[in-house]
Every structure is written in C-alpha cells, then in structure tokens.
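This report walks through a protein structure for a reader meeting it for the first time. It takes up the domains, then the sheets, and then the cores.

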Amino acid sequence: MPASNLQALVFNIRFEAKDIISIELRPARPDVVFPTTEAGAHIDLHLGNGLVRSYSLTNPGDENRYVIAVLNDKNSRGGSSYLHQQLRVGQVIEISAPRNFFRLNESAGRSVLIAGGIGITPIYAMLQRLLDLGSSVELIYCARNRDEAAYIENINALTKHTAMSKTPIAVQYHFDGEKGGPPDLTHLLAGRPLDTHFYCCGPGPMLDAYEKACEALGQVNVHLERFSAAKDMQQVTTDSYRVELKRSGEIVQVPSGVSLLDALLQAGLKPDFSCREGVCGSCEIKVISGEVDHRDQILTKQEKAANKSMMICVSVCRSSVLVLDA
Ligand code: FES
C-alpha cells in the first residue's frame, strides 16, 4: 500500500436520508493519525472487493475522525453497493490521506454554495467552515425529493443557530418533486455581485447547467467538483511515446490507444488510481518535461498551462518523450 495510506476502523454507519448512509472512520490503531482535513477534501476508500472509490469528507477540521456520506447509486459499478450492503461496523479498511481539489477561498467576501443530491457532502463541509469563519454564505440545496436530501436537519439547526448572529445563513431548498421540475440556476444565481465565489457539486447535467448559468451571468469565481467525467469528454488517442520515471529509473513505452495509467500497470508498476475518469486526483504525478494534453476535470486552466503535474488516467503526451517525477 502507498506509504501515505491509513488503516481506518469503521466506527459508525448511520442512515442520513433515503438511500444515503454516512460512514464514520477512526484510526484503526493508536499509532495511526488522521491528518486534519479542509472543507472540500476527499479521501479514497480501498474496498474489500478490490475497488478504490473517492468520497468527500463532511466534517472539516475534526481531529482523528473522517465522516463521508454515500448514495446507494442505482448505476453503481460496485463501490456504493459494496458500502451499503457489505461494509460493517468494526471492519478495518485502507484509506488515503485527504486530497483537496475543491478548495474554499476563505477570504471571499461572499460565497454561494450549490448542492445537487449527494453533492451536498463537500458543500455541507464548506458551509460549516464558512460559518466557523463568520463569512457571508448562502446555500442552495437541490434534490429530487425532500426525503432524499441528507443533512437537512443539521442545516436547519445551523440556520437556527445563526439566525440571531451578524452572518445568518440564507438557505433555499429546491425539491423537484415539490417544484414540478429541476431548478432554473440562471434565475437562482442572478443578482450576486461579481466578487461572489460560487461552489457547486452535484450530478453532471446540473454542473453543466451551473457552468452555463455562471457564464451567462458573467460570474468568474466559479468552482465545481464532478463525481464523474463530463458527458462530452472525448476519448483521445496519441502516437506511441516513451515515459521515463526519473526517480525509479524505469522506462515504459506507452502504445497508441493505451492510457499512461494502463501502460504503467501493464509494466508491473503500482501507481495510485481510483476513478480512471480524471475527477478524483489520486493518479496525479509531477511532470518534469514533455508536452501533456491535460484531459482531467481537476486542474485549472492555469495549472494545465504550467504543466507541473498530470492525471495519468486520462491525460496524454503529445511529444515522443515524457519525463515524470516518479
Ligand atoms: S484515477 Fe482519478 S483522476 Fe486519475
């Protein structure tokens, strides 16, 4: 297992909403220390069935306790169904240290958080953090139905608690079943000053609508996190290229039509990976040289242009040689 991975005890499993459970993890032994987490961070769970899946943490800043929430996804490829049906309290599993590609700008004067369904998990963490900071924050929480929305009671308790403070939370719920259809995000997000920071996590179509709405409204501080690759992600192929791993001295030829991740796995190497879709960040490797076509959904335009690291599951190399810090 990678040196940074941690052994975690499944301490508690709790019903949060229809088809959603939360899972509380604690260090499996006294010598295991969980790094403190930030709002927006996620961890990878190495499941007993060999799968690795990423989940956002809901409890930022908590010492030695990680809490995730998991939807029993009807289209599960094995991750959520394993967690719902087979994981048991008392089991020990391997997890990664937290990674954060969905960071809050904590100095923003005003933040608007938008959650769709299980996308509430990082958004709920952000809400707690912004309230701890005394920042001005709004929450727009959308779900198909009220009984499918996790953490409503916690959010209502926070709303009540802050009602008398200088920074009360403004919360809007949108349940498709009650409103007769999905939200009109352009309408819901209109009228905010241009220095507002927006954060959205939810299903792909909602994120596509969110990006379009923010563009139409001229908003520039637009942040999002996807669970899976955008629908219009094109598969790209390249000519064969050579990869040099500077630290280990390994040299691997990546054939045309094969991902860099698969080429390394086929060569007997053991790179970290989870989603294989460029959305979780677990396969990130530092780039020393080479012309990378970045295909992931994580790095910003500036980070892609800087070419300091790449997600090897989806990004490809356009030059004949790629040198990695690995
Ligand atoms: S495995 Fe998730 S970004 Fe590459």
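## Domains and their contact

Domain bounds, as used here, come from an automatic or database domain assignment. For this protein, that assignment gives domain 1 (6-95), domain 2 (110-225) and domain 3 (241-324). The model is a predicted one, in which local features need pLDDT of at least 70 and side-chain atom pairs count only at pLDDT 80 or more, while totals for chains, interfaces and linings use all residues. Residues are numbered from 1 along each chain as its sequence is written.

The centres of domain 1 and domain 3, taken over C-alpha atoms, are separated by 27 Å. Between these two domains, 4 residues of domain 1 are in contact with 4 residues of domain 3, where contact means that the C-beta atoms of two residues, placed from the backbone, lie within 7 Å. On the side of domain 1 that touches domain 3, the largest share, 3 residues, comes from strand β4 (residues 52-56); strands (E, at least two residues) and helices (H or I, at least four residues) are DSSP runs, numbered from the N terminus. The residues of that side divide into 1 nonpolar, 1 polar and 2 charged, with Ala, Val, Leu, Ile, Met, Phe, Trp, Tyr, Cys and Pro counted as nonpolar, Asp, Glu, Lys and Arg as charged, and the others, Gly among them, as polar.

## The sheet of six strands

Strand β4 also belongs to an open sheet of 6 strands, which has the order β4-β3-β6-β1-β2-β5 and antiparallel pairing; two strands pair if DSSP finds at least two bridges between them. Because β4 and β5 (66-71) stand at the edges with a single partner strand each, one side of each is left without a neighbour in the sheet. Within the sheet, strand β3 (residues 42-46) and strand β6 (residues 92-95) pair in the antiparallel sense over 2 bridges, and leucine 45 has isoleucine 95 in β6 as its bridge partner.

Strand β2 (residues 20-27) pairs with β5 in the antiparallel sense over 6 bridges, and leucine 25 stands opposite tyrosine 66 in β5. Is β5, at the edge of its sheet, buried or exposed? In β5, 6 of the 6 residues are buried, so this strand is largely enclosed by the rest of the structure. A residue is buried if 20 or more other C-beta atoms lie within 10 Å of its own, exposed if 12 or fewer, and partly exposed in between, with C-beta atoms placed from the backbone. Tyr66, Ile68 and Val70 point one way from β5, whereas Val67, Ala69 and Leu71 point the other way, and all are buried.

## The sheet of five strands

Another open sheet has 5 strands in the order β13-β12-β18-β14-β16, with mixed pairing. Its edges are β13 (251-254) and β16 (309-311), each with a single partner strand, so one side of each is left without a neighbour in the sheet. Strand β12 (residues 241-245) pairs with β13 in the antiparallel sense over 4 bridges, and tyrosine 241 stands opposite valine 254 in β13.

## The nonpolar cores

A nonpolar core is a set of buried Ala, Val, Leu, Ile, Met, Phe, Trp, Tyr and Cys residues joined through C-beta atoms within 7 Å. The largest such core has 56 residues, and Val70, Leu113, Ile114, Ile123 and Met126 are those with the most contacts inside it. Its largest share, 7 residues, comes from helix α2 (residues 120-133), and this core draws at least three residues from each of domain 1 and domain 2.

Residues up to four places away in sequence aside, methionine 126 touches Ala39, Gly40, Leu104, Leu113 and Tyr199. A second, separate core of 27 residues includes Leu245, Leu260, Val292 and Cys317.
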